[in-house]
Amino acid sequence: MLYKTLAEGLLPVASDGQPFDPNVHEAVMGRLSEEHEEGIILQTFERGYLLNGKPIRPAKVVVAKQV
């Protein structure tokens with residue numbers, strides 16, 4: 001019963017290609033990039049989740065840095 005309740009309001013956090021948002025993302029690494037603007041997420045290590053619009057686990061991501 002608890003699983004069904006969680007599944008109804010559970011959504012993944014958008015990450016790859018999105019701007020870094022400290023409210024729903026956790027930067028675990030920065031990577032130099034000539035192709036992307038600073039602060040754009042290049043890779044997701046671990047998916048994050050929102051429950052009814054509130055973050056319950058941040059996405060662990062790699063963020064672009066300027067050269």
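Colleague: How many bridges join strand 3 to strand 6?

Modeller: Four bridges join them, and the two strands run antiparallel. Keep in mind that this is a predicted model.

Colleague: Which residue is the bridge partner of Ile41 in strand 6?

Modeller: Val63 is the partner of Ile41. Val63 also stands opposite Gly30.

Colleague: In what sense do strand 2 and strand 6 pair?

Modeller: Parallel, over seven bridges. Strand 6 covers residues 59-65.

Colleague: What order do the strands take in the sheet?

Modeller: The order is 2-6-3, in an open sheet of three strands with mixed pairing. The edges are strand 2 (25-32) and strand 3 (41-46), each pairing on one side only. From one strand to the next, the twist averages 25 degrees.

Colleague: Is strand 6 largely enclosed or exposed?

Modeller: Largely enclosed by the rest of the structure, because five of its seven residues are buried.

Colleague: Let's zoom out. How many helices and strands are in the protein chain?

Modeller: One helix and six strands. Along the sequence the pattern reads α-β-β-β-β-β-β. The protein chain has 67 residues, and 24% of them are buried.

Colleague: Core next. Which residues make up the largest nonpolar core?

Modeller: Seven residues: Val13, Val24, Ile41, Leu50, Ala59, Val61 and Val63. Strand 6 gives the most, with three residues. As general background, nonpolar side chains tend to be buried together in soluble globular proteins.

Colleague: Take Val24. What is Val24 in contact with, leaving aside neighbours within four places in sequence?

Modeller: Val24 is in contact with Val13, Leu50, Pro55, Pro58 and Ala59. Val13, Leu50 and Ala59 belong to the core too.

Colleague: Now His25. Is His25 buried or exposed?

Modeller: His25 is buried, because its relative accessible area is 5% and the cut-off for buried is under 20%. The residue lies in strand 2.

Colleague: Which backbone oxygen does the His25 side chain reach?

Modeller: That of Ala14, at 3.0 Å.

Colleague: What else is His25 in contact with?

Modeller: Leaving aside neighbours within four places in sequence, the list for His25 is Val13, Ala14, Ser15, Pro19, Phe20, Ile41, Pro58, Ala59 and Val61. Val13, Ile41, Ala59 and Val61 are core residues.

Colleague: Ser15 is on that list. Where is the place of Ser15?

Modeller: In the loop between strand 1 (10-12) and strand 2. Ser15 still counts as buried, at 9% relative accessibility. A polar atom of the Ser15 side chain lies 3.3 Å from the backbone oxygen of Val13.

Colleague: And which residues is Ser15 in contact with, sequence neighbours within four places aside?

Modeller: His25, Ile41, Thr44, Ala59 and Val61.

Colleague: Switching to Gln43. Where is Gln43 found?

Modeller: Gln43 is in strand 3. At 30% relative accessibility, Gln43 counts as partly exposed.

Colleague: What joins the side chains of Gln43 and Arg31?

Modeller: A polar contact of 3.2 Å. In sequence, Gln43 and Arg31 are 12 residues apart, and C-alpha to C-alpha they are 9.9 Å apart in space.

Colleague: What other contacts does Gln43 have?

Modeller: Neighbours within four places in sequence aside, Gln43 is in contact with residues including Asp16, Lys60, Val61 and Val62.

Colleague: Last one, Glu35. Exposed or buried?

Modeller: Exposed, at 71% relative accessibility. Glu35 is found in the loop between strand 2 and strand 3.

Colleague: How far is the C-alpha of Glu35 from that of Ala64?

Modeller: The two C-alpha atoms are separated by 9.1 Å, and the residues are 29 apart along the chain.

How values were computed:
Residues are numbered from 1 along each chain as its sequence is written. This is a predicted model: local features need pLDDT of at least 70, side-chain atom pairs count only at pLDDT 80 or more; totals for chains, interfaces and linings use all residues. Side-chain values use heavy atoms; hydrogens and water are left out. Two strands pair if DSSP finds at least two bridges between them. Axes are lines fitted to C-alpha atoms, for helices over the stretch in contact, and angles run from 0 to 180 degrees between N-to-C directions. A nonpolar core is a set of buried Ala, Val, Leu, Ile, Met, Phe, Trp, Tyr and Cys residues joined through side-chain atoms within 4.5 Å. Buried means under 20% relative accessible area, exposed over 50%, partly exposed in between (1.4 Å probe, protein chains only). Contact means heavy atoms within 4.5 Å. A polar contact is a pair of N or O atoms within 3.5 Å; within protein, one must be able to donate a hydrogen and the other to accept it, and residues adjacent in sequence count only if both atoms are side-chain atoms.
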